[in-house]
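Here is a quick tour to read with the model open beside you. Take the sections in any order you like.

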Amino acid sequence: MDKSWMHSDRRSKAYEFGVEAFLNFAVENLLTTTHIRCPCVKCVNLKLFGVGIIRDHVYFNGIDQSYKNWTFHGEPWEATTNASRNVEEDDGHSRYSFVSEEIDMDDNDFGDFGSDPYEFANVIGDGDQPVYPGCRKYTKLSALVKLYNLKAKHGMSDVCFTELLILQGDLLPE
């Protein structure tokens, strides 16, 4: 399905037709009877609404442009095999690791965490680890979720987000 509309001006006909095509696709693949996940920048697929509200959100807030594979709306999950994957391609993994507490997900919805069986356990284990010794406000996982939400909310590019993470790593104590 053509997703180029996601990068179009929200006032354009291309965006309008794209939103309608997306909503039709999502409705055809509904898992629930009336509500689907909202892919707008603010909701990032965490909230369920009717089609009318989602249409409004996607126009007013914009669509989360990092949501390339519409797994929450009926597209099959695609694993990437490129060794030089960027943060955007890894969104599937990071999104699945923190979303499960917010919404009902089956074990199969987490996708493939690679050949290392301990990789998923390490991600979950970070949920209890402070960002640095003595930090009481954030765990490694909660900090990553907060940062990812900022990326999605403000449409931050993957390159900018990666550089921001590297800078923050340098700023934090060993």
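## The overall layout

Keep in mind that this is a predicted model. The chain has six helices and two strands. Starting at the N terminus, the order of the elements is α-β-β-α-α-α-α-α.

How much of the chain is buried? Of its 174 residues, 31% are. As for contacts with a separation of 6 or more, 47% of them are between residues 24 or more positions apart.

## Where α1 meets α2

The α1/α2 crossing is right-handed.

Which residues make the contact between α1 and α2? On the α1 side they are Y15, E16, V19, E20, L23 and V27, and α2 brings V51, I54, R55, V58 and Y59. Sorted by class, the contact of α1 with α2 has eight nonpolar residues, three charged ones and no polar ones.

Now for the backbone. Most residues other than glycine have a negative phi. V44 has a phi near 35°, which is positive in a residue other than glycine. N45 has a positive phi too, of about 65°, and N45 is not a glycine either.

Where is V44? Look in the loop between β1 (36-37) and β2 (48-49). N45 is found in the loop between β1 and β2 as well. Are they buried or exposed? V44 is buried, since its relative accessible area is 5%, and N45 is buried with a relative accessible area of 0%.

The loop between α2 and α3 (87-99) holds E75. Its relative accessibility is 16%, so E75 counts as buried. What does the E75 side chain do? It makes a polar contact of 2.8 Å with the side chain of K3. A polar atom of the E75 side chain also lies 2.8 Å from the backbone nitrogen of W70. Leaving aside residues up to four places away in sequence, E75 touches K3, F25, K68, N69 and W70.

S66 lies in the loop between α2 and α3 too. With 9% relative accessibility, S66 counts as buried. Its side chain makes a polar contact of 2.7 Å with the side chain of D64. Along the chain, S66 and M6 are 60 residues apart, with their C-alpha atoms separated by 9.6 Å.

H154 is found in helix α5. Is H154 buried or exposed? At 56% relative accessibility, H154 counts as exposed. The C-alpha atoms of H154 and D64 are separated by 9.4 Å, and these two residues are 90 residues apart along the chain.

G155 sits in the loop between α5 (140-154) and α6. The relative accessible area of G155 is 61%, so G155 is exposed. Where does the chain come back to G155? V41 is 114 residues away along the chain, and the C-alpha atoms of G155 and V41 are separated by 7.6 Å.

Further along, D158 is found in helix α6 (residues 158-171). D158 counts as buried because its relative accessibility is 11%, where the cut-off for buried is under 20%. The side chains of D158 and K151 are joined by a polar contact of 2.9 Å.

## Cysteines

A disulfide is a covalent bond between the sulfur atoms of two cysteines. How many disulfides does the model have? Counting pairs of cysteine sulfur atoms within 2.5 Å, the total is zero disulfides.

Two cysteines have accessibility values to look at. C135 counts as buried, at 15% relative accessibility. C160 is partly exposed, as its relative accessible area is 40%.

Notes: Residues numbered from 1 in each chain as written. Predicted model: local features only at pLDDT ≥ 70, side-chain atom pairs only at ≥ 80, totals over all residues. Heavy atoms only, no water. Left-handed = near helix turned anticlockwise from the far one by under 90°. Helix = DSSP H or I, 4+ residues; strand = E, 2+ residues; numbered from the N terminus. Contact = heavy atoms within 4.5 Å. Nonpolar A, V, L, I, M, F, W, Y, C, P; charged D, E, K, R; others polar. Buried < 20%, exposed > 50% of the residue type's maximum accessible area, 1.4 Å probe, protein only. Polar contact = N/O pair within 3.5 Å; in protein donor to acceptor, adjacent residues only side chain to side chain.
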